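Work through the exercises below with the sequence and the coordinates at hand. Each task is followed by a solution in steps.

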Number of protein chains: 2
Amino acid sequence: MKYIDLTMSIEAAPAFEGNKAAEFECLADFARDGWNEHRMAMDLHVGTHIDFPFHMIDGGKVQKDFGLDDFIGRGRLIDVRGMFEIEVPLDGVEVGDILLFWTGRSDSAAEDSDRYFDSASSPRLSEKFAAEIVRRGVKIVGIDSWSVDVAPFPVHKILLGGGVLIVENLLNLGALVGREFKVFVAPLRHESYDGAPARVFAELVKLAAC
Amino acid sequence: MKYIDLTMSIEAAPAFEGNKAAEFECLADFARDGWNEHRMAMDLHVGTHIDFPFHMIDGGKVQKDFGLDDFIGRGRLIDVRGMFEIEVPLDGVEVGDILLFWTGRSDSAAEDSDRYFDSASSPRLSEKFAAEIVRRGVKIVGIDSWSVDVAPFPVHKILLGGGVLIVENLLNLGALVGREFKVFVAPLRHESYDGAPARVFAELVKLAAC
């Protein structure tokens, strides 16, 4: 399999406090209308999604300020399972890389959302580490947890303020262990909002045959 | 530029009769709350989207029956500008290809949606041609118009019933003239509905240097 899906299905995505899970409404039914059609309502930060700077930065950039090249790049999996404050060496990380932090937390997100969203036990990047990520010119930070940090979200502000986009609620990062891969973040396209649900996947790089 | 975006922004996407355009509701405002956040509501077939078989086939397949490999493949641009009934040779088309029919109609979709959705003048694939597409093992048919045919949608039923997915309301197909490219259709991930908004883009294939 060349492509690895890293995206939660929106029906199964738990919602953070104050958010509502996605809702679907039937508009047309085959037996009655001859076709099936639905309407969807969802908060833009439920499920696998991208944060644009405007989410946390007053007057910050929105989706129209970015292009597809800002959403695609070489991926690097960083195993942080069991860590609380995340601070790791960035050996080999290059400008434009996409860092995926593997906490393992989203494996049980649908079954136990209280635990998933528990701020006291949530792993978080340190502010110092976030500043180093900005300095290194990383393109996107992704994590298989609900957030890269907890309220009042200083790490969000450091990353988004420093030009690094954030992708949260990833799934299935363990499938990337030991692989070279490229990451594609494909947000629902809008112009001017704070975040967007995204289909996120990895393309495995074929190693050259000897 | 290696990636070409073929997706309408959802705010600018016009809605077909009976559909509502996308709506955004403010949930949090920076001045009041310290961050910005929105909720979105949209019909699943507004803007650039994919149709799954369940849209038009009773008991048909839904998104969970497909994987990423079903959404990605070699693209072929077919210039059908000015044609009404679409029927063209499929020379060189191979199993698994993604055919993009370039009508040019979506260029003015946002400015004149009545004309865009006008069934009487809408180009449509012929039923015979749709059957030939199924026989050839094409993966996806995409078009820069609101539909591949008009009510009662026989071509939808032939394609979806024959295992060919449909992508509608594409944009910017003219940027692909003369290029070799791969198409990525990245639908918002859900399990069991009839269609999904999708980010659709082309990756240009670099020609080998002599």
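**Exercise 1.** How are helix 3 of chain B and helix 4 of chain B oriented to each other: roughly parallel, roughly antiparallel, roughly perpendicular or oblique?

Solution. The model is a predicted one.
- Step 1: Two packed helices are described by the angle between their axes and the distance between the axes.
- Step 2: For helix 3 (residues 127-135) and helix 4 (residues 154-161) of chain B, the angle is about 10° and the axes are 9 Å apart.
- Step 3: Angles under 35 degrees count as roughly parallel. Helix 3 of chain B and helix 4 of chain B are therefore roughly parallel to each other.

**Exercise 2.** List the residues through which helix 3 of chain B and helix 4 of chain B meet, and classify them.

Solution. 
- Step 1: Helix 3 of chain B contributes Glu127(B), Ala130(B), Ala131(B), Ile133(B) and Val134(B).
- Step 2: On the side of helix 4 of chain B stand Pro154(B), Val155(B), Ile158(B) and Leu159(B).
- Step 3: By class, this contact of helix 3 with helix 4 of chain B has eight nonpolar residues, no polar ones and one charged.

**Exercise 3.** Carry out the analysis for helix 3 and helix 4 of chain A.

Solution. 
- Step 1: Helix 3 (residues 127-135) of chain A packs on helix 4 of chain A at an angle of about 10°, and their axes are 9 Å apart.
- Step 2: That makes the two helices of chain A roughly parallel.
- Step 3: Glu127(A), Ala130(A), Ala131(A), Ile133(A) and Val134(A) in helix 3 meet Pro154(A), Val155(A), Ile158(A) and Leu159(A) in helix 4 of chain A.
- Step 4: The contact of helix 3 with helix 4 of chain A divides into eight nonpolar, no polar and one charged residues.

**Exercise 4.** What is the strand order of the open four-stranded sheet, and which strands stand at its edges?

Solution. 
- Step 1: The order is 2(A)-3(A)-3(B)-2(B), with antiparallel pairing.
- Step 2: Strand 2 (23-28) of chain A and strand 2 (23-28) of chain B each have a single partner strand, so they stand at the edges with one side left without a neighbour in the sheet.
- Step 3: Neighbouring strands of this sheet are turned by 15° against each other on average, direction ignored.
- Step 4: Within chain A, five bridges join strand 2 to strand 3 (residues 37-43). Glu25(A) stands opposite Arg39(A) in strand 3 of chain A.

**Exercise 5.** Which residues does a cis peptide bond join in chain A and in chain B?

Solution. 
- Step 1: In chain A, the cis bond joins Ala151(A) and Pro152(A), with omega about 5°. Pro152(A) lies in the loop between strand 9 (140-143) and helix 4 (154-161) of chain A.
- Step 2: In chain B, Ala151(B) and Pro152(B) are joined by a cis bond with omega about 5°. Pro152(B) lies in the loop between strand 9 (140-143) and helix 4 of chain B.

Notes:
Residues numbered from 1 in each chain as written. Chains lettered and ligands numbered in written order. Predicted model: local features only at pLDDT ≥ 70, side-chain atom pairs only at ≥ 80, totals over all residues. Heavy atoms only, no water. Pairing = 2+ DSSP bridges. Axes fitted to C-alpha atoms, helices over the stretch in contact; angles between N-to-C directions. Parallel < 35°, antiparallel > 145°, perpendicular 65-115°, else oblique. Contact = heavy atoms within 4.5 Å. Nonpolar A, V, L, I, M, F, W, Y, C, P; charged D, E, K, R; others polar.
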